[in-house]
Amino acid sequence: MDRASHDEGEPETERDRDPSRLPSPTGVVLDVDGVLVDTSDSYRRTVHETVSRVHDGSAATDAADAEAVERFKEAGGFNDDWELTEALAAYVLARREGYGASVAEHAAAVADAGGGLTGSRAVIERELPAAASERVRSDVDPERLRRVFQRLYLGRERYRELEGDLEPVEAAVGVGVDEGGYVDDETVLASPATLSAVRDRFPVAVFTGRPAAEADIALERVGLSLPRNRRVTMDDDPPGKPDPTGLLVLAERLSVGSVVYVGDTVDDARAARRADARDDRSYLAVGVQTGGLDGERGRRLLREAGADRVLASVEGLPGLLGVEDAATGE
């Protein structure tokens, strides 16, 4: 249990609130990726590998690496990894058209333009001549990218079960029958003791950008069984984070006076802040550093996005909520 993850040495701000003083009852809402399961070798690997396979060549390989994925996430508005894949593909193609910005420079410009796929498109259209920008737009095939993404992430059998015919997508980019299935490389970040300690004291729900079937895979892996009305997934068609709609829906369903929302990205922290501004309930934004925003830089980005607390991992949540003894069995 990481007691040192409570922003020790950092000055208090008006956002710093004691969880024990939140209006009762309090509910806990958890993100999935980067909070309950580590997706660095699954979703994030799938993003850059999809772009590299569909837009093959050294330029794609160099520009679509894992760091690029993290930079796009930091820009905000990329809760949907299919949209992130589309934006990264457009960036790779823009580079081939002479766009000279590094990934970090492009991501910063995207953030300034409002984030997300819309912001990325706006930056490319602004920086490239009209003809080159149009070639980039026409060469990006979102549906093809999505199919390749799903085949690599799910593997053959799950793709066949959830998506249908896999032969065309395998032939299109040369995916071998034994390749993919990166979902099976996800590792658990939340121990049974931590989940039990929190669930025994608080109503728990999940707010994730995953499709429902893929959320089921992760929740089964961590041993977190929740009724359908305590989950908001992509299938519920909520606006993407940082829009707080999904969080507000879950707060209402839990019938609580306050919510602790645990996420790993700047969009998660912003969603909690926007929910707090829109609702009569209180929302405590807890950022965890297991999704890519690690170290002091990650802590700073989470705090700047609105996180009230930053933890090394979700394993610090029982201590923050005052139920640590239940997690340790003491």
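This is a predicted model: local features need pLDDT of at least 70, side-chain atom pairs count only at pLDDT 80 or more; totals for chains, interfaces and linings use all residues.
Reader: Is α3 mostly covered or mostly exposed?
Author: Helix α3 is mostly covered, with eight of its ten residues buried. Buried means under 20% relative accessible area, with a 1.4 Å probe and protein chains only. Helices are DSSP runs of H or I with at least four residues, and strands are runs of E with at least two, numbered from the N terminus.

Reader: Which residues of α3 are buried?
Author: They are Ala68, Val69, Glu70, Arg71, Phe72, Lys73, Glu74 and Ala75. Just after α3, Gly76 takes a positive phi of about 90°.

Reader: At what angle does α3 pack with α4?
Author: Helix α3 (residues 66-75) and helix α4 (residues 81-96) pack at about 115°, and their axes are 11 Å apart. Therefore α3 is roughly perpendicular to α4, a term for angles of 65 to 115 degrees. Axes are lines fitted to C-alpha atoms over the stretch in contact, and angles run from 0 to 180 degrees between N-to-C directions.

Reader: Which residues make that contact?
Author: Ala68, Val69, Phe72 and Lys73 of α3 meet Asp81, Leu84, Ala87, Leu88 and Tyr91 of α4, where contact means heavy atoms within 4.5 Å.

Reader: And how does α3 lie against α5?
Author: The axes of α3 and helix α5 (residues 103-112) come within 8 Å and cross at roughly 15°. That makes α3 roughly parallel to α5, as angles under 35 degrees count. On the α3 side, the contact is made by Ala68, Arg71, Phe72 and Ala75.

Reader: Changing topic, how many aromatic pairs are there?
Author: The count comes to seven aromatic pairs; rings of Phe, Tyr and Trp (its six-membered ring) pair if their centres lie within 6.5 Å. Ring pairs link Phe72, Phe78, Tyr91 and Tyr99 into a cluster.

Reader: What about Phe207 and Tyr261?
Author: Phe207 and Tyr261 form a tilted pair, 6.0 Å centre to centre with 40° between the planes. Planes under 30 degrees apart count as stacked, over 60 as edge-to-face and the rest as tilted. Phe207 lies in strand β4 (residues 204-207) and Tyr261 in strand β6 (residues 258-263), 54 residues apart. Both Phe207 and Tyr261 are buried.

Conventions: Residues are numbered from 1 along each chain as its sequence is written. Side-chain values use heavy atoms; hydrogens and water are left out. Angles under 35 degrees count as roughly parallel, over 145 as roughly antiparallel, 65 to 115 as roughly perpendicular and the rest as oblique. Buried means under 20% relative accessible area, exposed over 50%, partly exposed in between (1.4 Å probe, protein chains only).
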